[in-house]
Every structure is written in C-alpha cells, then in structure tokens.
Amino acid sequence: MKRSAVAVTAVALLLPLAGCGGDAEAGDASTVTVTVGYQSKTINTVTAGTLLRSLGYFEKQLNALGDGVTYKVDWQDYATGAPITAQMTAGKIDIGSMGDFPLLINAARGKQLGRPTRLVSVTGYNLRGGLNTIVTAPDSKLASLKDLRGRKVSTSIGSAADGTLVRALQRAGIDPDKGIEKLNQQPAVGASALSAGSTDALSQFVAWPGLLAFQGKAKALYDGAELNLPTFHGVTAREDFAKKRPAVLEAFLKAQSQATDYLHDHPVTAAEKVAKATALPAEVVYLYNGAHGIATFDPAIKPKLVSALKKDVSILKSAKLTGDVDVDSFVDDRYVRKALGPDYAERLASAPAPAASEVWAKGASETRAFKTPAELLAYVAKHKDGIRAAYVPDATTGTPWFADRAVWVADGEELLPFVTPATAKAYAAGHAGARIVTYDTALERAS
C-alpha cells in the first residue's frame, strides 16, 4: 500500500463531513423520518438492509410503537461503508450497516468529529474469515499468494477485504506496502479492471468473488478462511439518536431479528428476494446466505467477534486510516439485549450450521443436502439438466463454493473439493496417491 494512496483515502473519508450538520431524524412533533444506510449488494448485511427492507418488518415495528408518532423510513443504498460513515458523522444517517474494518473507521470518525457511534448488533459473520476472497482471471498463471509479488492487486482500502489481503501477504512473506502495487478501487471498478487485464488480482468482500466465479470471470486464488480469523458485518447507530429514540432503535433490532428468522426459515425464498432487489444471481446470494452458506446470521454480539475487531485495529493503524480505537466503548449490546429479551442468551450461544454439500434443483423451493461431496457429485451426474446450482464445502476450511468452480482432488475413493488450487495442491502433496482431477473426471468417478 502506497502512503500517498492511504493519505488520499483518509482525506476522502473526511471531506464529505466539512460543513455538514443537522439531524437525520426529520419531521415535526407528530412525524419522524428515520434514515437507514445500507449496502444492498453487500449481501451479508441483508437482515439489516435489503431483505429487511423488502419484508417491511421495520415499518411494522414502528407502527406498533403506539406513541402517537408517524414514522417514515428513508432507506439509502451505498456501495461501501465509507459514505455511510460520512453521512452518519454528519448527522444525516441514524442507523447503518457495514463490515468490521469500516465499523472501526466508523467508530474512529465518530469520536474524532464529536458524533460518536455504537456497534449495536451483528448481521452476517464467518468465524474463519471466509467472507473475503482473493481472485484472479480465469486464465491467470498465478497459483498462490507468493505469485502476487510485484503484481497489481485491486482492493478497497479500509475494507475487510483489504485487511484480508494485508494479513495474507504478511503470512506469505510479502510486504503489503512494498511487495505489490495496490490499486484502491470500488468493487465494481476492480471487477472491471480484472476482466480488462489492468490488474492481476482482486481482493474483495461478499458478494463480488462469488459473483465473478459464478460468471466465469474469475477463479479463487486465496480463501480468506485460511486466516482462521473471524470477520463480520454489523449495525452501527449514532449515539445521540440511540439516546433520544431508544424505542426506535429497539424496533429496528426486533425487525432485524425477524428478518434473520425469515432467512433461516426460508433461505431459498430469501435468496430470491435479495436477488430481485439487487440484480445479483440468486445462486450467488445463496452461496453466502444459504442454509449452509459462507455467512452465519445472528444479531447477537458474540465475544469472538469483539475480540477479532480488537485485532483489526492494528491493521488500520498501520495503514494510517485510524489511530487507537476503544472497541469496548464502541460496542453497546444494551439495545439488542433488550430488543431480543430472553432469546438473546440463546442466540449468543448459537453456533454456525455444520458444513454440508447442497444441490439447488431447477424449480425447487428448497435445496437438497448430502452427507459427502461425492454423494452430491453422484446426484449431479444423474440430473445434469435439472441442476440450478451445486455447493460443496472446502475440505480444509469448510468454505462453501460452487461445485463446478471448485478444485477437486481424488484421494482413493474420496473426492475432495477445495476453493483454491494452492490448498488442493498442498493436500495432494501431503497424501500419497492423491491427485488433482477435473470437475468432469470427478463427476465420472462419482457416478
């Protein structure tokens, strides 16, 4: 990461705040507008954004308050967390959702500008870090992280995906500041750059890596779950808004909990709803948000996630995007505890769904799970024309991936899927007789 690029990013985050003021909560005594900032295409925030909006649960909760106030909700959609933070610290957004690294910047900017914010709930998380992936072009000769030395890599500086890139490079023995040429780009711009050949790799957050892989425009180079460090998205609220309208914030968190339950109970339908609202393929949405998807949705603020957030501070400090961040004072679970009541303890203790292989058949309203990837392959081989999507968990990290985009290893009678070539090669090298095979060969062996 070049110092100039970091400096420009830091300044850019602050510029929109100059001269701003006012309050997002608008209206007279009997009418109040609540402004919610969300990222429709960052689909691990859907229970606080896209899905929640489509279900209308927040509006229903507000109508049920019975306090004589007419509430209106202004939903504002953004591509990343940075502009949401700018609007929140300018008093223009009341509640926002974003990833863990942007949340820390949110906390730092709020304190710096006298508009403190608080982390009030979690949306989607992955305890190993699988929400972020580094991808390359389909025909790229790059096979591992070490091949990135001296190459151009696109990412969004200050994002969770940038954090994954920095940590991954460090583990590979590459200086993340000097060892690569980092391009600070919005996700869509980076995706276009990868397709055009103007960057060698792209490190991004959900849903871009899965989307590009599904479209045949990229292949995975590094699975963020290899870091084995939690990553998550969460909901932040302005402290002054929370204190003035605690019932409204609690109504939002109750609605978020309802949307979470809906996603758990109707994962395929929820994927279709999000797809319709975002123009993303439903198959990609399900990869992340499905019954056994990469993300786990739960509004509880788990200690493991708070601990991970504290470890993220040093990455942002090294990039000169923040100074010290008091994570303990930023995290405030009082509102979500009150909103969820007795259910909060149960949610706090809940664990992600176990890894599973799934097939989404054409026209089906539910997916079909299989005990092993080989069983899934046998089914797919017999129903090739009837498969909408097939998902398999990486044999080492558990990260779900599209079966036809996975790297397959034949180890005796076993057929094992991997997200990246590097992990597949590492497994094969450590198991005598194991070898990498094509997807078609894996299908033939399973049938």
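Strand pairing and a cavity in a predicted model

Mentor: In this predicted model, strand 1 and strand 3 (residues 95-99) run parallel and are joined by two bridges.

Trainee: What makes strand 1 and strand 3 a pair?

Mentor: A pair needs at least two bridges found by DSSP. Strand 1 and strand 3 have two bridges, so they meet the cut-off. Within this pairing, valine 36 has isoleucine 95 of strand 3 as its bridge partner.

Trainee: How many bridges join strand 1 to strand 2?

Mentor: Eight, and strand 2 (residues 70-77) runs parallel to strand 1. The cut-off is at least two, therefore strand 1 and strand 2 also count as paired. Opposite glycine 37 stands glutamine 76 of strand 2.

Trainee: Why is strand 1 called mostly covered?

Mentor: Buried means under 20% relative accessible area. Strand 1 spans residues 31-38, and seven of its eight residues are buried.

Trainee: How many cavities of 30 Å³ or more are there?

Mentor: The count is one. The volume of the largest cavity is about 70 Å³. Helix 5 (100-112) and helix 6 (160-171) are the elements that give two or more residues to its lining.

Trainee: What makes it a cavity rather than a pocket?

Mentor: A 1.4 Å probe fits in a cavity but cannot get out, whereas a pocket is open. The lining of the largest cavity includes Asp100, Phe101, Thr164, Arg167 and Asp312.

Trainee: How do the lining residues divide by type?

Mentor: Four are nonpolar, five polar and three charged. Gly counts as polar, so Gly129 and Gly224, both in the lining, belong with the polar residues.

Note on methods:
Residues are numbered from 1 along each chain as its sequence is written. This is a predicted model: local features need pLDDT of at least 70, side-chain atom pairs count only at pLDDT 80 or more; totals for chains, interfaces and linings use all residues. Side-chain values use heavy atoms; hydrogens and water are left out. On a 1 Å grid over the protein atoms alone, a cavity is a set of points where a 1.4 Å probe fits but cannot get out, and a pocket is an open set with protein on both sides within 12 Å along at least five of seven lines; lining residues have an atom within 4 Å of a point. Grid points are joined across faces, edges and corners, and a volume is the space filled by probe spheres set on the points. Helices (H or I, at least four residues) and strands (E, at least two) are DSSP runs, numbered from the N terminus. Buried means under 20% relative accessible area, exposed over 50%, partly exposed in between (1.4 Å probe, protein chains only).
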